[in-house]
Amino acid sequence: MTEEITLPLIDPSIKGQILDTGVIGFSFAPQIVFGHGCMNRVGFLSLFLKAKNAFIVTDTEIEKLGFVSKTQKYLEKSGVKSTVFNEVEPNPKEETIIKAVDKYKSSNSDIVIAIGGGSVIDAAKVIRLLVKQGGRPSDYDATKCTIMAIHESLPHQISIPTTSGTGSEVTVVAMISSGKEKLTILGYPLISTIALVDPQLTVSCPSKLTAMCGMDALTHAIEAFISLRVNPVADMFSLQAISLIHHNLRKAYSIPEDIIARINMSLASMLSGMAFNQKSVGLVHACSHQLSSQCNLAHGLANAIMLPHVLRANKKVAGPKYITMATGFGLNLENLVVDEAADKFISEVEKLNKDIGIPSKLSDCGVKESDIEIMIPGAIKDISALTNPLQPITKELVENVYKAAF
Ligand SMILES: [Fe+2]
């Protein structure tokens with residue numbers, strides 16, 4: 001008699017799974033071009049997409065590094081003209097997007113090329129959306145409308161990341177600031193047409209930013225792996241990313257020109273993005289979005305500080321998965337029970353934070369105790385909290401993790 005084989009689509013160690021049908025969506029677009037020096041293909045790829053006038057979205061820091069003029073040179077060689085919009089700020093504002101949309105239209109552009117970190121790539125996605133569908137970014141906030149609100153096919157986008165962290169080049173999501181609110185804009189058409197990932201561009205990324213972005217990538221990989229959504233393919237990406245980050249982030253931080261560490265971090269960031277694009281994130285991101293909008297903390301820094309504390313809270317439901325991740329870290333778990341092994345994993349995350357100069361407390365970063373009360377409602381309703389393994393997301397839970405991190 002043949003024994004029935006059940007695919008391990010649902011982890012029995014985690015209660016409250018939101019997917020119980022065994023049906024999984026796999027979608028790992030965009031087209032990816034990855035490799036040291038591959039940025040020189042931007043002209044050819046634009047031509048391949050039948051572009052004539054490129055709209056380059058970036059910021060002044062990236063422009064100073066010479067990446068924009070280099071891109072323009074490659075575009076010119078392929079006969080593609082370009083217009084530069086360099087006004088994207090960290091946590092990009094609604095007004096900036098609207099200004100860029102006007103410039104895109106008046107320049108007769110037909111493709112967007114984003115060169116920068118997550119803020120730039122996110123801004124570029126929403127610029128394309130408004131060019132095609134009109135309105136303001138807040139009209140498309142995922143907490144107020146369905147995913148079908150973004151339904152048109154948008155102008156092409158080539159995304160060239162200059163940091164290793166957000167994974168925005170491979171995701172369908174963009175974060176935009178509207179006053180003190182953080183908008184989550186989510187829709188399949190937002191995804192880049194081509195992710196052009198050249199690790200050489202990350203070599204000039206300062207150590208502090210390398211550390212924060214690297215911890216953002218680690219948070220994506222971990223939160224996706226323990227998410228309530230089930231997707232074994234995405235889990236492979238998470239585990240590979242967790243291992244790559246553990247073995248390369250310290251080196252990329254301390255020896256910025258180490259190209260092997262940079263290549264591995266670019267790969268890890270992209271894989272983490274591909275994982276959370278399928279499985280979403282969790283309470284770390286729900287809390288950190290409020291820290292960025294309320295206290296202006298950099299996204300990666302907020303994630304890095306919150307991560308160990310949220311891991312401790314989630315341990316009671318997701319602890320067995322911590323063992324798998326600890327194996328990716330290469331930790332020796334011999335003779336440890338689940339709880340001890342999970343604690344060892346969390347301690348290793350804290351050690352990594354310390355080794356790359358991340359402050360251990362929110363109070364060291366200008367957050368005031370009175371901010372916690374203000375941030376709690378936003379964290380509870382944040383879309384990222386929906387897939388956190390520990391549910392429900394109560395006021396008490398959010399308050400506890402903020403206070404533990406304070
Ligand atoms: Fe993130």
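Predicted model: local features only at pLDDT ≥ 70, side-chain atom pairs only at ≥ 80, totals over all residues.
**Entry 1: helix 8**

Then I stepped back into the helix itself. Mostly covered, it turns out: 18 of the 21 residues of helix 8 are buried.

**Entry 2: helix 11**

I ran the length check again on helix 11, residues 338–355. Its 18 residues should span 26 Å at 1.5 Å a residue, and the end C-alpha atoms are 26 Å apart, so this one agrees too.

Next I asked which residues of helix 11 are buried. My list has Ala341, Ala342, Phe345, Val349 and Leu352. They cover an arc of only 105 degrees around the axis, which puts them on the same side of helix 11. I jotted down a reminder here: an α-helix has 3.6 residues a turn, so residues three or four places apart point the same way.

Over on the other side of helix 11, I found Asp339, Glu340, Ser347, Lys351 and Lys354 exposed. And what covers the buried residues? Helix 7 (232–254) and helix 10 (299–329) are included in that cover. Past the end of helix 11 comes Gly357, with a positive phi, near 75 degrees.

**Entry 3: the two domains**

I looked up the domain assignment, which gives domain 1 as 31–202 and domain 2 as 207–405. Their C-alpha centres lie 26 Å apart. For the contact between them I noted 23 residues from domain 1 and 27 residues from domain 2.

Which element gives the largest share of the domain 1 side? That is strand 7 (residues 181–186), with 3 residues. Sorted by class, the side of domain 1 that touches domain 2 has 6 nonpolar, 13 polar and 4 charged residues.

I left confidence for last. The mean pLDDT of the protein is 92, and 93% of its residues reach 70 or more. Where does pLDDT stay under 50? Over residues 1–21, for which the model has 18 contacts beyond four places in sequence.

Methods:
Residues numbered from 1 in each chain as written. Helix = DSSP H or I, 4+ residues; strand = E, 2+ residues; numbered from the N terminus. Expected span 1.5 Å × (residues − 1). Buried ≥ 20, exposed ≤ 12 C-beta atoms within 10 Å, placed from the backbone. Arc of directions from axis to C-beta. Contact = placed C-beta atoms within 7 Å. pLDDT = per-residue confidence, 0-100. Domains from an automatic or database assignment. Nonpolar A, V, L, I, M, F, W, Y, C, P; charged D, E, K, R; others polar.
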